[in-house]
Amino acid sequence: MDKKIGFIGCGNMAQAMISALVKSKLIESNQIIASNRSKNILEKMNKEYGITIASNNIEVAEKCDIVFLAVKPNLYEMVMKEIKDSVTKDKIFVSIAPGKTMEFLEAHLGADAKILRTMPNTPSMVSEGMTAICPNSNIDSEELELLIKLIESFGAVELIEEKLFDAVVAVSGSSPAYVFMFIEAMADAAVIQGMPRAQAYRFAAQAVLGSAKMVLESKSHPGELKDMVCSPGGTTIEAVAVLEEKGMRSAVIEAMRKCAQKSKGM
Ligand SMILES: NC(=O)C1=CN([C@@H]2O[C@H](COP(=O)(O)OP(=O)(O)OC[C@H]3O[C@@H](n4cnc5c(N)ncnc54)[C@H](OP(=O)(O)O)[C@@H]3O)[C@@H](O)[C@H]2O)C=CC1
Ligand SMILES: O=C(O)[C@@H]1CCC=N1
């Protein structure tokens, strides 16, 4: 792929995507050009991955064919105003922010701008991300195919209707945080039982990874897979009963409702 890929903002999410892109060898690392408010992270990414450092956002927008807007949602308007004059008929802009609708993006980049709304997540760093995508009508099928190929380096990619983007934020954009909390809590419980902490993290994380792979590969209902673990009168059902009594499911559902609600207002 001979495209130049730009990242305006080089924080947690951009670094995860850049790491996956470089590892994928889909493009040379110097085809990645990034800008950031503070420069130390750019120097670090240049040393670690060999990416090209841009002196400002406009340079990224000018030089790149595909431009990821990787700043916080509240900075989108300012950054899009800054780069608006760099919009050309072939350049593609990729939003990764919650709440910034295609209407909002087109209002700032222009109705003719080629825009892809996405919602990635930080497991992109290990190419096990889940990214939702929604192109506007200015992106043609060939361009969409290329974008999917690029974003597949982050992990799984699925086209989704824009109206479901707030749900996506809750279920995959933000959910790695809930899973990290779960892993941390399980490891703490193992530490209480005497397991060394580092070993507890490995055991907890691998159990989550394996369980997730079973859901994805077995196509079985998660409840069915849970029942397969719960031996009658055994150990697991004791834990499951406490989780039910403490309202784990309703806590997750309420947390994700709040998350999606916040996304709507971003
Ligand atoms: N983190 C996640 O899991 C996910 C995040 N997102 C979205 O990705 C976007 C980035 O989030 P995230 O990476 O977590 O945030 P970070 O705060 O980690 O990164 C944002 C970066 O933008 C830089 N920045 C701030 N102002 C400017 C500017 N004017 N021009 C250029 N760069 C600037 C910051 O620089 P400085 O170092 O100086 O602060 C920072 O490095 C957000 O819209 C977020 O909602 C989407 C999915 C998942
Ligand atoms: O917390 C946030 O707002 C960002 C968007 C999804 C994950 N992190």
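I take axes as lines fitted to C-alpha atoms, for helices over the stretch in contact, with angles from 0 to 180 degrees between N-to-C directions. Contact means heavy atoms within 4.5 Å. Helices (H or I, at least four residues) and strands (E, at least two) are DSSP runs numbered from the N terminus. This is a predicted model, where local features need pLDDT of at least 70, side-chain atom pairs count only at pLDDT 80 or more, and totals for chains, interfaces and linings use all residues. Residues are numbered from 1 along each chain as its sequence is written, and side-chain values use heavy atoms, without hydrogens and water.

Entry: the sheet. I find an open, mixed sheet of eight strands, ordered E3-E2-E1-E4-E5-E6-E7-E8. Strands pair if DSSP finds at least two bridges between them. E3 (52-53) and E8 (155-159) are the edges; each has a single partner strand, so one side of each lacks a neighbour in the sheet.

Entry: I see H5 lying across E5, E6 and E7, at about 140° to E6. H7 (residues 165-173) packs on the sheet too, touching E6 and E7, and its direction makes about 45° with that of E6.

Entry: H5. Which residues of H5 (residues 102-109) are buried? I list Met102, Phe104, Leu105, His108 and Leu109. Buried means under 20% relative accessible area, exposed over 50%, partly exposed in between (1.4 Å probe, protein chains only). The face turned away from the buried side carries exposed Glu103 and Ala107. Just after H5, glycine 110 has a positive phi of about 110°.

Conventions:
Chains are lettered from A and ligands numbered from 1 in the order in which they are written.
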